[in-house]
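Thanks, everyone, for making the time; I would like to take you through one structure this morning, and I will go through it piece by piece. Please have the sequence and the coordinates open while I talk.

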Amino acid sequence: MIELTEKQWVLHTVFHPFDGFEDLRFKKAGSILISNIVIALWFAGTILRENFYGKQFVITSVEDFSILSFIIRTVFLFLAWTVSNRAVCTFFDGEGTIRRIYIYSAYALIPYTVSLYVQVMLSHILIRDEGIFITLTGVIGILWSAMLIFTGIKAAHQLSVSKTVLSILFTIAGMIIIILILVLAAALIQQIYVFAATIIAEIEYRLKY
Amino acid sequence: MRGNAGAALAFVCCAFFLSKASYVSAEGSYSYNFYGEAVPSQAGYRAVKAVNGNELGCGELSQPADIFCADSGSFFIADKGNDRIIEVDPDFTKASMVYSIFTDNNGASFNLSSPEGIFVSDDGLMYISDTGNSRIIVSDMDGNVSLIVTKPDSDMYESETFRPEKVIADKYGNIYAILDNITGGAAFFSRDGEFEGYYGAGSVLPTAKVISDYIKKLFATDKMRSAMSRSVPAGITGFDIDKEGFVYTVTGSADAGHDRVKKVNPAGKNLFAGIDTVFGDLPRYQNSDSGEVFKTELIDIDVDNEGRICCLDTGTGRVFQYNKEGSLLFIMGGRSDCLGGFSLKPTAVECTGERIFITDSMKNTVTIFEETDFGKIVHDADKLYNDGKYEEALKPWQEALRCDGNYTAAYLGISSALLRKGDYRGAMEYAELGGSSYHYNKAFEGYRAEWLSKNFSIVSAFIAVFIILRIIHRHYRKKLRRYRGG
């Protein structure tokens, strides 16, 4: 069996979509640090693509920039995915730990993250007529990452192909539920806050006069 | 927040521009920038006076419904409440003629009743929609009626009533009329007065309600169906014809971006179908002081000899001027009691290039707007630009920018001029300021080609060195591996 350093494992999983994650699992390799770096790069890449894209394609207004939306679209989404996947896969007898799901999913995102940077770079070199190459880069990145996520989840939980498909669909449903509950909770907390603030204001008013 | 910033900016701009005597800054003058935000702007037109009937020497006007500028320069006003047509001299100082009695072919004379539309053709024929009498009359300048169009006796015509509102005619004498309660488009009559059908009909936007109604109707019985409301397109509220024979229509109740303004070719096709412009105020417009939200309801349209389009909006009392291509030039007017403002019911707009005339049926006046110096600069630049004379347009665009730094079209005009001159860097810079990636792309293409040809030797040398290094590296790696393995 192969002996690889953590850095080499990254390339191994990315370029061996079918058995990379199985090897990774077998060797109990994979690093949280590298996963965190990948997610940070994904986050930065998304911001770059929205705000530092070639002006021949789109001119964005810096005034509308909101970092919160980028956090929600990347980091939050990823955490929701991890939690939801862990919760759902127990139904399917998945044996993946949350650490493993986190690492495998992060590694699977590498092609997409790279495609973001390549797209930004190309957008400064190409003109609109050649924009098809940028689209192509994006499509390749997404498809590649989608495939890696699929094999990654499959390897992490040791599921069959059909069960993996089902579990991914359930995971997405779970993510929607998580977001819904969070929104509800936020609204509730806000109402409680307003209620408390009103009472405090009322008491203060009574005490004063 | 943004409203406050805009107001502050407007104040600063006004303070700045008031110091220059030659540019008049009307208060509250605004325009839309590339991002669709309302930004303070210099006024392109300024209200100079509101003329009433006494000043013209024909007695007070009563609910003037339409105004038209003939080829001779004279103006014709449909004075609805007084049942007459007034001809005003080109200077708009006195009424030169009042038409209220007409004579038909048999020598019998009759009066008009509530005329709501007037059009004068190049060969001197008046087309009047005699709304109260349910007919359209065609008359010469002496009041001799040559044709009377009444309610069509045709299967295509389903309505019980015949109430023509605005009326126009093309150069072949075909008559187009907007009919009250008809949503199928403008009624189209041949030069003999024969009803030929409808022209320039709107379409129904497939909203959720329309789709659900359609599905419901599939399962409904005939009786249920007859009780349901029908989805009909919004009717045309105003139209005009240009020199080339294109008919421009406006639809008051139309949603933004859907058939609000149409340029219809003789085949009935809308040439403004794919245009980016949202005619009238953008939906989000709200007065930051009063909190009042305005909803655009275009009621009349006019095309002048240069092809510029003026739209009158009764919802906000504003007049919007667009260039030939449908890009916004200026916004003027508003709802107020002062000069340059309108009541709830402005009725018609007519533009002669330097001047814009608007009839107001509650104030019973005709308001005259005159082109400002800034307006002239922009119009000159815009005309040169649209004729493809980008380099000649450079100077006026720069002048326009000096007056109004918010004027987006000026940035794009300068960008195009610089591009034509070969100053790609400058063209890119101005395209970015104008917020147009389309113009930026064109400039960038030139810039890139120039850069590549200038630095071709360096780029090719760089690539060659890279390839050589690659080969050497691979060669040594093989050796190294063999060495290690051996």
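This is a predicted model: local features need pLDDT of at least 70, side-chain atom pairs count only at pLDDT 80 or more; totals for chains, interfaces and linings use all residues.

Let me begin with a sheet in chain B, an open one of three strands in the order 18-19-20, where the pairing is antiparallel.

How many bridges join strand 18 of chain B to strand 19 of chain B? There are four, between strands that run antiparallel, with strand 19 covering residues 247-250. To pick out one pair by name, Phe239(B) has Thr249(B), in strand 19 of chain B, as its bridge partner.

The next sheet is also in chain B, an open arrangement of four strands, ordered 21-22-23-24 and paired in antiparallel fashion. Here strand 21, residues 298-303, and strand 24, residues 328-333, of chain B stand at the edges with a single partner strand each, which is why one side of each is left without a neighbour in the sheet. From one strand to the next, the twist averages 20°.

Within this sheet, strand 23 of chain B, residues 318-322, is joined to strand 24 of chain B by five bridges, and the two run antiparallel. Phe320(B) stands opposite Ile331(B), which belongs to strand 24 of chain B. Packed on the sheet is helix 5 of chain B, residues 373-386, which touches strand 23 and strand 24 of chain B, and whose direction makes about 155° with that of strand 24 of chain B.

Let me turn now to the interface, where 15 residues of chain A are in contact with 14 residues of chain B. Between them the two chains, A and B, bury about 1200 Å², with 52% of it on carbon and sulfur atoms. On the chain A side, the residues that lose the most area to chain B are Lys55(A), Ile59(A) and Ile127(A), which together account for 45% of what that side buries.

Lys55(A) also takes part in a salt bridge, in which its side chain meets that of Glu432(B) at 3.6 Å, N to O. The rule finds two salt bridges across the interface of chain A and chain B, and it also finds five residue pairs in polar contact there, both residues being at pLDDT 80 or more. By class, the side of chain A that touches chain B comprises six nonpolar, four polar and five charged residues.

Over all chains, the count of salt bridges by this rule comes to 17. One that I would like to show you joins Arg206(A) with Glu202(A), where the closest N and O atoms are 3.0 Å apart. Both Arg206(A) and Glu202(A) lie in helix 8 of chain A, residues 161-208, and they are four residues apart, about one turn of the helix.

Conventions:
Residues are numbered from 1 along each chain as its sequence is written. Chains are lettered from A and ligands numbered from 1 in the order in which they are written. Side-chain values use heavy atoms; hydrogens and water are left out. Contact means heavy atoms within 4.5 Å. Buried area is the accessible area (1.4 Å probe) that two parts lose on being put together, summed over both. A salt bridge is a side-chain nitrogen of Lys or Arg within 4 Å of a carboxyl oxygen of Asp or Glu. A polar contact is a pair of N or O atoms within 3.5 Å; within protein, one must be able to donate a hydrogen and the other to accept it, and residues adjacent in sequence count only if both atoms are side-chain atoms. Ala, Val, Leu, Ile, Met, Phe, Trp, Tyr, Cys and Pro count as nonpolar, Asp, Glu, Lys and Arg as charged, and the others, Gly among them, as polar. Two strands pair if DSSP finds at least two bridges between them. Axes are lines fitted to C-alpha atoms, for helices over the stretch in contact, and angles run from 0 to 180 degrees between N-to-C directions.
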